[in-house]
Amino acid sequence: MSNPIVTMKNVSYAYDNKPTLKDINFEIQRGSFLGLVGPNGGGKTTLIKLLLGLHKPQNGSIQLFGTPIQKFKDWNKIGFVSQKANTFNRGFPATVSEVVSMGLTAKVGYMKFFNQSHKKQIEKAVSQVGMSDYLHENIGDLSGGQQQRIFIARALVSNPDLLILDEPTVGVDTENVQKFYELLHLLNDENGITLLLITHDTGTMTHHATDIACLNKTLHFHGNPSQYTQLSEQDLSAFYGHQLNVVSHHH
């Protein structure tokens with residue numbers, strides 16, 4: 001049975017009369033792991049901003065958890081890890097616990113004390129990403145891959161149903177990228193969190209995602225990984241706007 005938590009119908013958006021998204025129609029089903037791929041300038045960031053309520057669709061409609069986005073208030077249901085998290089200032093004087101607690105400020109408010117329940121939420125989120133031993137370590141002392149896990153914990157601490165990640169593996173070494181995908185699989189498969197991952201790593205996505213969508217101003221494809229791998233190089237090159245050779249990574 002269809003159980004979408006995101007529904008976009010005929011959504012379009014333009015900057016200075018230059019179309020960025022044209023007539024987008026798609027759904028994200030509860031419990032799915034959707035990999036969103038596409039070239040730079042193809043509208044992926046704009047689509048995220050629309051889902052986060054930072055932009056309003058100029059045409060069409062968006063529903064989140066069955067509610068029109070204009071009336072949606074329960075933003076704690078959506079966690080977000082931005083690409084900019086990977087440029088975190090290593091000199092920032094904060095512990096892992098303090099960084100993760102920032103994900104609760106929308107609920108608790110600024111300059112408020114965290115109670116025992118909040119502290120347990122923080123510990124649970126850090127545990128979910130396998131970083132419990134680092135709870136009181138300074139965030140600047142961690143490796144890039146470890147920091148990445150902490151930023152995911154910060155997004156998880158409010159117990160979201162949907163987690164959106166914008167190219168979070170940029171600048172992360174190959175070994176930690178593999179560990180990262182294993183973590184996402186765990187969050188999706190065992191914790192039931194719906195995932196939307198924006199990435200350029202199409203080869204790896206075919207082994208982890210339940211669904212793949214190809215966006216380049218319009219939605220060129222939306223289906224399962226098996227269907228995606230059956231697309232011809234000609235189709236993919238037309239989608240990306242240049243010749244493309246697809247490499248499937250096996251781990």
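**Exercise 1. Determine the order of the strands in the open sheet of four strands, and state which strands stand at its edges.**

Step 1. The order is E2-E1-E4-E5, and the pairing in this open sheet of four strands is antiparallel. Strands here are DSSP runs of E with at least two residues, helices are runs of H or I with at least four, and both are numbered from the N terminus. Two strands pair if DSSP finds at least two bridges between them.

Step 2. E2 (18-29) and E5 (67-68) stand at the edges; each has a single partner strand, so one side of each lacks a neighbour in the sheet.

Step 3. For E2, the pairing with E1 (residues 4-15) is antiparallel and runs over eight bridges. Within it, Phe26 of E2 is the bridge partner of Met8.

The model is predicted: local features need pLDDT of at least 70 and side-chain atom pairs pLDDT 80 or more, whereas totals for chains, interfaces and linings use all residues. Residues are numbered from 1 along each chain as its sequence is written, and side-chain values use heavy atoms, without hydrogens and water.

**Exercise 2. Locate helix H1 (residues 44-51) relative to the strands, and explain why it is described as largely enclosed.**

Step 1. H1 lies across E1, E2 and E4 (59-64), and runs at about 120° to E1. The angle is taken between N-to-C directions on a scale from 0 to 180 degrees, with axes as lines fitted to C-alpha atoms, for helices over the stretch in contact; contact means heavy atoms within 4.5 Å.

Step 2. Lys44, Thr46, Leu47, Ile48, Leu50 and Leu51 of H1 are buried. Buried means under 20% relative accessible area, with a 1.4 Å probe and protein chains only.

Step 3. Six of the eight residues of H1 are thus buried, so the helix is largely enclosed by the rest of the structure.

Step 4. After H1 comes Gly53, with a positive phi near 80°.

**Exercise 3. Identify the strands that pair with E8 (residues 194-198), and state which way its side chains point.**

Step 1. E3 (residues 33-37) pairs with E8 in the parallel sense over four bridges, and Leu34 stands opposite Leu196.

Step 2. E7 (residues 162-166) also pairs with E8 in the parallel sense, over five bridges; here Leu162 stands opposite Thr194.

Step 3. In a regular strand the side chains alternate between the two faces of the sheet. Thr194, Leu196 and Ile198 point one way from E8, Leu195 and Leu197 the other way.

Step 4. Five of the five residues of E8 are buried, so this strand is largely enclosed by the rest of the structure.

Definitions and conventions. Buried < 20%, exposed > 50% of the residue type's maximum accessible area, 1.4 Å probe, protein only.
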